[in-house]
Amino acid sequence: MTALVTNLLLFGRVLRAAGLQVHHGRLVDAIRALEWTGVGSRNDVRAVLRALLVHRHDDLAIFDEAFDLFFRAHGSSELNLPLFSLGERARVVAKREAGVPPRVEVEDIAGGTSSAAAFAVGAYSPVEVSRSKDFGEFTAGELEAARRLLLRMPWDPGLRRTRRWERATQGPIDLRRILRRNVMRGGALVDLPRRVRREAPRPIVVLADVSGSMDRYSRVLLYFACGLARSAGHVESFLFATRLTRVTRRVAAPGGHRAVTRLVRELQDWGGGTRIGEALRTFNTTWARRVMRHGPVVLIVSDGWDRGDPALLDRELARVRRSCARLIWLNPLLGSARYEPLTRGMQMALQHVDDFLPVHNLTSVERLATHLRRLPQGRHGTHRHV
Amino acid sequence: MTLGPGSAPASVDALQQALAEEQYIAERALAVPIYLALRLKRPLFLEGEAGVGKTEVAKALAAALHTSLIRLQCYEGLDVSHAVYEWNYPRQLLEIRLLETTPDLDRTAVARELFTETFLIKRPLLRALEETGDRPPVLLIDEIDRADEEFEGYLLEFLSDFQVTIPELGTIRASQPPVVVVTSNRTREVHDALKRRCVYSWIPYPDFEKELTIVTSKVPGASARLAREVTAFVQELRTADLYKSAGISETLDWAAALVALDREVLDADVIEETLGLLLKNQEDIDSVRGERIQTLLARAMDLAAR
């Protein structure tokens, strides 16, 4: 039994090292539980530990990985092994395979060959940025200044009405409270309490195109997305080129600009062509059910250069529109007076979007902020900005 | 009767058997968490796609434990007056009117009388505490992901103390804490603080063998061949890229429909005609219809023949 306890404690450490939250209380539960179920069957031991030590679906894969590694290597009752190497191995394997971001981040300041290194420094930059200059023509210094502006920009996405009531001085009469309050006074109506629907910030979903054709804008637009996620509360962020990746947690992480810098650096790997339709399909099948609750405002940031199937884009965009409160397409090319949305993808998209807005300089971002603040409460309100 | 009245199952095997008697097939990976939740007296948190049988677990468990099932369906805006208790105001007002006609009214006595259990409407959480049978009831808190965070906070408190305070009446404590089953379709992440109190289990879609057993036991009218083919087709259909996959209940409805149509075997035509029972999304139906049915059916026949 003591060997088992030691093993379990060690296993708990392995899981923690792999990024799971394992509480001592749960380990104690696990020890009790294994006394009842016995340790004869590997599958039972796995089921017990899984039920008690894991409480997130995302962690199950890491758990299984760690479990196999830990209990295959040395059985469940013997213990004579180099402890730390074991923890290390589990950590490395579990991380690599399950795609968990590494815990220790060393900021790569000196070694960077790309201009991304300039952002990593985050040093004060005295450069003034013109509000009307196109993002695509920014110098490194201006980019740095824009980064600091965009990350700190205040956003107000407007409110949505929730289903929950709260007390108010105006609004419909709260029958329940009237009765409760006045029953004690013999049933006479003395005061009339009122109630209104509580309001909560409207959720936002950002889908940003980071493919090759968006190259000149991706970096700034990523800063824009991060600033939005940090300031507006309920924001879900996704990046796409040929595939779609959710970056909500990384973008909204409060810890400085490290996460952003890393994302920016990874942008190089994205590049390539855009398949907007396929990206939206992945979004609709895999994520929509989880992130499209409460009628969000959906912001698609893309130049509309689509190399995929236009019929697919049409279908998926229609579906996105049906499940959101407002669909806004932000196109950096729209800033140019000569631009006309002639690409097939853009033509298709225009039939579905509520607003088609430029996002090419700081003024356009500010205008977007004003626009979001003034959105009507209902779904797909009437006025269109095309 | 595998389980004695009021007794927790003696082993995982006993629990599996008791659930099987209620026609619920729980594999080891699910039976162990249920068993642990009962032994550790902690809530059982079941997460999984819609239609994998999460709610069924609570129903089967209540039947296997020979106790009652109290169900709280969650929705956005769910609050204490719908989850815990509410005063029956219309009745109280009526009572006041009646009392007004009585001479020599004792005012304090009236106030005391108006706030007694007679005028209390008990909602599921309170009922679960007050259940006075010789066995604790099973309390099913269904689709917690639909409720808002405020309710989750309340639930956290409820699950740690199993007591409810009603200002006019005092604190009501459970004589025996209910067996709690919480389910979530994972339309959002439920807060870790709540999940940490629970025994967690993720329920995947069943594999071929398990689903076949379910179909044969729940749709006894289906021939062995039809049951195999139906199950195999649904299994293949779940691998297709769809907005919403078919759950177990869809499989059962479909099998029952095919039996009602006197079908002994599957073919592309009958699938086409009855596809609406499996897929509830027009885009999904359109994308599967036609050629894709043939491909899926061919693969399903392979699987069924194995």
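When I say that two residues are in contact, I mean that their C-beta atoms, placed from the backbone, lie within 7 Å. Please keep in mind that this is a predicted model.

I'll start with the place where the two chains meet. On that definition, 32 residues of chain A are in contact with 37 residues of chain B. On the chain B side, the elements that give two or more residues are helix 2 (28–40), helix 5 (89–100), helix 6 (107–114), helix 9 (192–196) and strand 9 (199–202). Helix 2 of chain B supplies the largest share, seven residues. By type, the side of chain B that touches chain A has 17 nonpolar residues, 15 charged and five polar.

Six strands form an open sheet in the order 5-4-3-6-7-8, and the pairing is mixed. Strand 5 (244–246) and strand 8 (355–358) of chain A are the edge strands, each pairing on one side only. From one strand to the next, the twist averages 20°.

Strand 3 (residues 204–209) and strand 4 (residues 235–240) of chain A run parallel and are joined by six bridges. A:F240, in strand 4 of chain A, has A:D209 opposite.

What lies across strand 3, strand 4 and strand 6 (297–301) of chain A? That is helix 9 (residues 215–232) of chain A, which runs at about 170° to strand 3 of chain A.

Note on methods. Residues numbered from 1 in each chain as written. Chains lettered and ligands numbered in written order. Predicted model: local features only at pLDDT ≥ 70, side-chain atom pairs only at ≥ 80, totals over all residues. Helix = DSSP H or I, 4+ residues; strand = E, 2+ residues; numbered from the N terminus. Nonpolar A, V, L, I, M, F, W, Y, C, P; charged D, E, K, R; others polar. Pairing = 2+ DSSP bridges. Axes fitted to C-alpha atoms, helices over the stretch in contact; angles between N-to-C directions.
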